[in-house]
Amino acid sequence: MAEAKITKRSEDYSRWYTDVIAAAELADYAPVKGCMIIRPNGYAIWEKMQQALDGMFKETGHQNAYFPMLIPESFLKKEAEHVEGFAPEVAVVTHAGGQKLEEPLGIRPTSETIIWNTYKNWIQSYRDLPLLLNQWCNVVRWEMRTRLFLRTTEFLWQEGHTAHATYEDAEEEALRMLGVYRRFAEDFMAIPVIEGLKTEREKFAGAHHTYCIESLMGDGKALQAGTSHHLGQNFAKAFEVTFQTQQGTREFVYATSWGLTTRMIGAMIMVHGDDNGIVIPPRLATTQVAVVPIFRKPEEGSRVMEAISKFTLPFKPAGIGFKIDTRENYSPGWKFNDWEKRGVPLRIEVGPKDLEKNQVMLARRDNGEKTPVAQDGLEKVINVTLDDIQKSLFERAREFRDKHSHRVDDYKKFVDILDGEGGFLWCHWCGSDRCEEQIKTETKATIRCIPMQVESEAGACLKCGGKSERRVIFARAY
Ligand SMILES: [Zn+2]
């Protein structure tokens, strides 16, 4: 078997990223440019993400449904901003069944249009509200430049679509789901995020306003980790969705939508990975512990295996996902390396010498520490250690982000930092579209968000010197 070599992260970040994906067998390129094959190791992470998020959606009162991926082209054209925003990315089916279709069908880039066309039939009265649905599916947005997980023509996601009687109810929902995303990113993916509002320029096409969570990658670039949109009455008006109020009047319905995608796997790789490969946070790992037996003679082997089957017995009841590496013809050292590349959080090494002391060696993927641990009650130590790894990964990522967050008031310094180590640059901005655009053209940095829960502070716009009431976050982004 050929050894895939991993390029050093400091040498070439982008090659490092592709190398660790290949080494961990997470994904592969597809015959159609821009598409991606998600391999079992990658899909297992997505399944864990789905389970966690789906549970949180249901706890907050949502149900899952499924809408078709083919959308009549006329639907996509009904909401003016939406058309403008998505038109260049939509793939269109023009022929099927051996003939030209009467009306071309768009492959969903997102499902607001087909869902709101359906809500028209489902919503008549205030009693039908709120309507809280989510769907798990794939979407297609045509891409020329591909990066596995980060930028692909087809990707997997969930999209929530809710309908409400009032602006306030929709606002509450949009913020509630932003909170769900933040908790998911921080508690499960161990990725610290900043909650904020998108600028008019960066908001979702067709939204009244867009909230987002933003995270910082290991190379100092930002990544949008999830978005939650207050759609106002825009889609209700485009699809004529009205309801009878308690007072007997008819009103347009208010809407939200919110999505999180397989991009987050790319974020996980970039936030936690190192020169030895990816690192999977314990709460997203199907295999949390890999057990590697060490022996030379067959007699030793049977004693080691016997001990393993005994001390792993309580693992399953304790909720620990584990694998015993019985592969023949590979040295223990090769196996250690292999599990490291796959990002498995913990490794147990056990040989004849450990048996004499009734212990095993426990090796952490996050910091490389090796500790001898008694075989009795091992499952308790493992669970405590997994929790500690989960927390440490988050803390490490937060420290990195804080170290790469700067308050900048000078444009030259702003450019220097961007061209150097990057990061989140907290700067004053006057609120004008023109300054935002100029900065983007000149530096490729965008306003990632207008952060929430931040005190106002008087200052001068980084670009024009105009009045500013608060700092916003600029960064180059994926
Ligand atoms: Zn300005």
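This is a predicted model: local features need pLDDT of at least 70, side-chain atom pairs count only at pLDDT 80 or more; totals for chains, interfaces and linings use all residues.
Reader: OK, which residues are the protein donors of the zinc ion?
Author: Cys430, Cys435, Cys461 and Cys464, each through its SG atom, at 2.3 to 2.4 Å from the zinc ion. Donors here are N, O and S atoms within 2.8 Å of the metal (3.2 Å for Na, K and Ca), and water is not among the atoms, so sites may look incomplete.

Reader: How are they spaced in sequence?
Author: The pattern for the zinc donors is C-x4-C-x25-C-x2-C.

Reader: And what's the geometry of the site?
Author: Tetrahedral, with angles of 105 to 117° among the 4 donor atoms. Four donors get that label if all angles lie between 85 and 135 degrees.

Reader: Is Cys435 buried or exposed?
Author: Cys435 is buried, because its relative accessible area is 3%, and buried means under 20%, exposed over 50% and partly exposed in between (1.4 Å probe, protein chains only). Cys430 is partly exposed, at 27%.

Reader: Switching topic: at what angle do α2 and α6 pack?
Author: Helix α2 (residues 40–59) and helix α6 (residues 167–188) pack at about 145°, with axes 11 Å apart. Axes are lines fitted to C-alpha atoms, for helices over the stretch in contact, and angles run from 0 to 180 degrees between N-to-C directions. Helices are DSSP runs (H or I, at least four residues), numbered from the N terminus.

Reader: Which residues of α2 make the contact?
Author: Met49, Ala52, Leu53, Met56 and Phe57. On the α6 side, the residues include Tyr181, Arg183 and Phe184. Contact means heavy atoms within 4.5 Å.

Reader: Tell me about Met56. What does it touch?
Author: Leaving out residues up to four places away in sequence, Met56 touches Val180, Arg183, Phe184 and Phe188. Met56 is buried, with a relative accessible area of 11%.

Reader: How far apart are Met56 and Arg183?
Author: They're 127 residues apart in sequence and 9.5 Å apart in space, C-alpha to C-alpha.

Reader: Last one: what comes after α1?
Author: Helix α1 (residues 13–23) is followed by Glu25, which has a positive phi, near 55°.

Conventions: Residues are numbered from 1 along each chain as its sequence is written. Side-chain values use heavy atoms; hydrogens and water are left out. Four donors count as tetrahedral if all angles lie between 85 and 135 degrees; four count as square planar and six as octahedral if opposite donors are over 155 degrees apart and all others between 65 and 115; anything else is irregular. Helices (H or I, at least four residues) and strands (E, at least two) are DSSP runs, numbered from the N terminus.
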